Amino acid sequence: MRVSGQRKFVPRLLHVLMAAGLVALFPVSSPHAQQDGAHRFGPLTIEAPWARASAGAARTGAAYLRIVNSGAEADRLLDASSPAAERVELHTHRMRDGVMRMRRIEAVSVPGNGAAELKPGGDHAMLMGLTGPLKEGGTFPLTLSFEKAGKITVPVTVRPVTARGPGMKHHDHK
């Protein structure tokens with residue numbers, strides 16, 4: 001009977017050690033990360049963080065994602081940073097005099113029991129002074145600073161330069 005108990009213990013121990021090893025190898029992953037690209041931190045879930053590959057010697061890029069707040073209390077995304085860029089600013093697009101213009105914003109509101117989306121043509125995290133090209137298929141860490149939730153770091157997946165969303169493939173030119 002004693003051997004049977006040890007057999008149960010060893011697989012559990014291996015499972016714990018493997019999980020700890022995976023977290024150490026990929027530090028930007030949340031221990032609450034889900035396989036669908038969503039990362040949960042308390043009431044906030046960061047879904048499908050992505051960016052387009054940079055074209056040529058581009059010095060700017062943008063990161064996009066969806067923030068879902070399952071809590072009753074609202075939060076605000078105040079800032080972002082990444083080693084992939086010298087600085088990251090929150091930006092939005094606004095139509096002015098018939099011309100779409102980009103401008104910096106102070107925060108992105110995330111309502112309680114609601115969501116906010118950073119997407120092409122809307123609010124986004126502007127990567128300024130890229131430290132290297134964003135290569136298709138690569139990843140980079142993005143740290144999001146929230147008013148209440150604090151700092152959350154997620155991996156951003158680099159999609160093709162033609163991508164329109166987090167799951168688009170290169171041949172999807174819709």
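Analyst: A salt bridge here is a side-chain nitrogen of Lys or Arg within 4 Å of a carboxyl oxygen of Asp or Glu. This is a predicted model, in which local features need pLDDT of at least 70 and side-chain atom pairs count only at pLDDT 80 or more, while totals for chains, interfaces and linings use all residues. Residues are numbered from 1 along each chain as its sequence is written, and side-chain values use heavy atoms, with hydrogens and water left out.

User: How far apart are the closest N and O atoms of glutamate 47 and arginine 66?

Analyst: Strands are DSSP runs (E, at least two residues) numbered from the N terminus. Glutamate 47 lies in strand β2 (residues 44–52) and arginine 66 in strand β3 (residues 60–69), so their pairing ties together parts that are 19 residues apart in sequence. The two residues form a salt bridge, and the distance between their closest N and O atoms is 3.2 Å.

User: Is glutamate 86 buried or exposed?

Analyst: Buried means under 20% relative accessible area, exposed over 50%, and partly exposed in between, with a 1.4 Å probe and protein chains only. Glutamate 86 forms a salt bridge with arginine 59, their closest N and O atoms being 3.1 Å apart. This pair links distant parts of the chain, with glutamate 86 in strand β5 and arginine 59 in the loop between β2 and β3, 27 residues apart. Arginine 59, at 44%, is partly exposed, whereas glutamate 86 has a relative accessible area of 61% and is exposed.

User: Which residues do salt bridges that share partners join into one network?

Analyst: Glutamate 89 forms a salt bridge with arginine 87, with 2.9 Å between the closest N and O atoms. Glutamate 89 is buried at a relative accessible area of 10%, while arginine 87 is partly exposed at 44%. Through salt bridges that share partners, one network joins Arg87, Glu89 and Arg104.

User: How many salt bridges does the structure hold?

Analyst: Side chains of opposite charge can pair when their charged atoms come close. The pairs described above include glutamate 47 with arginine 66 and glutamate 86 with arginine 59. For the structure, the number of salt bridges is six.

Key
Helices (H or I, at least four residues) and strands (E, at least two) are DSSP runs, numbered from the N terminus.
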